[in-house]
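Biologist: I'm new to this one. Can you put it on screen and walk me through it?

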Amino acid sequence: MITLTIEMNSNVPPDAIWSVVSNIQNMPKYWRLHRDVKILERADPYLRVLVNLTLLRPFNRGEALVRVSNADLTVVFNFIRGPFRGRHVIKVNGDKVVSTWMINPTIPLLIRKSWLVSRLREATINALTRLINDAASLGSLNQPHEQ
């Protein structure tokens, strides 16, 4: 199993960050490992989604059950098919954004485990940076301007 947690501090209000994090169809804008996220089915409280990944074939497609929880500001991707199984949890926790991967890669990817961990780490750091920057832009747009 691969377990990786990246945490970033932010000066952005949690609701601004949450508005970015909770829009799962925009994930490819932040997580460059995702080519696109397509909602296949809605079955409260879950969404069944197809995730096209930027990995080489046959590792470029996965399916996940996603739960978006406004109550605890958490998005959980439960990957059920594809190049890995397991969870990716993104949580807004006060002034922090935390991303945790807990996945089991298929045997061909397991052989390249160190490469996959490196790729996940880099992608996650870049994604959280972009999420926070976009949330900061949104937050400044919603602030009243002094005259």
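This is a predicted model: local features need pLDDT of at least 70, side-chain atom pairs count only at pLDDT 80 or more; totals for chains, interfaces and linings use all residues.

Biologist: Is Ser-69 buried or exposed?

Modeller: Ser-69 counts as buried, at 9% relative accessibility. Buried means under 20% relative accessible area, exposed means over 50%, and partly exposed is in between, with a 1.4 Å probe and protein chains only.

Biologist: What does the side chain of Ser-69 make a polar contact with?

Modeller: The side chain of Asp-72, at 2.6 Å. A polar contact is a pair of N or O atoms within 3.5 Å; within protein, one must be able to donate a hydrogen and the other to accept it, and residues adjacent in sequence count only if both atoms are side-chain atoms.

Biologist: Which residues does Ser-69 touch, leaving out those up to four places away in sequence?

Modeller: Trp-18 and Thr-74. Contact means heavy atoms within 4.5 Å.

Biologist: Now S4 itself. How do S4 and S5 pair?

Modeller: In the antiparallel sense, over 7 bridges. Strands pair if DSSP finds at least two bridges between them. S4 and S5 form a hairpin with 4 residues between them, and Leu-73 in the turn has a positive phi of about 50 degrees. Val-66 has Phe-77 in S5 as its bridge partner.

Biologist: And what is the bridge partner of Phe-77 in S6?

Modeller: His-88. S5 and S6, residues 84-93, run antiparallel and are joined by 6 bridges. Their hairpin has 2 residues between the strands, and Gly-82 there takes a positive phi near 125 degrees.

Biologist: Switching to rings. How many aromatic pairs does the structure hold?

Modeller: It holds 2. Phe-77 and Phe-79 are stacked, at 5.9 Å centre to centre with 20 degrees between the planes. Rings of Phe, Tyr and Trp (its six-membered ring) pair if their centres lie within 6.5 Å; planes under 30 degrees apart count as stacked, over 60 as edge-to-face and the rest as tilted.

Biologist: Why is the pair of Phe-79 and Trp-101 stacked?

Modeller: Their planes are at 15 degrees and their centres 6.5 Å apart, so the pair is stacked. Phe-79 is in S5, residues 74-81, and Trp-101 is in S7, residues 96-105, so this pair links parts of the chain 22 residues apart. Ring pairs link Phe-77, Phe-79 and Trp-101 into a cluster.

Biologist: Are Phe-79 and Trp-101 buried or exposed?

Modeller: Both are buried. Phe-77 counts as buried too, at 1% relative accessibility.

Biologist: How many salt bridges does a search of the whole structure find?

Modeller: The search finds 3. A salt bridge is a side-chain nitrogen of Lys or Arg within 4 Å of a carboxyl oxygen of Asp or Glu. One joins Lys-29 and Asp-134, with the closest N and O atoms 3.2 Å apart. Lys-29 lies in helix H2 and Asp-134 in helix H4, so the pair ties together parts 105 residues apart in sequence.

Biologist: Last one. How many helices and strands does the chain have?

Modeller: The chain has 4 helices and 7 strands. Of its 147 residues, 42% count as buried.

Definitions and conventions
Residues are numbered from 1 along each chain as its sequence is written. Side-chain values use heavy atoms; hydrogens and water are left out.
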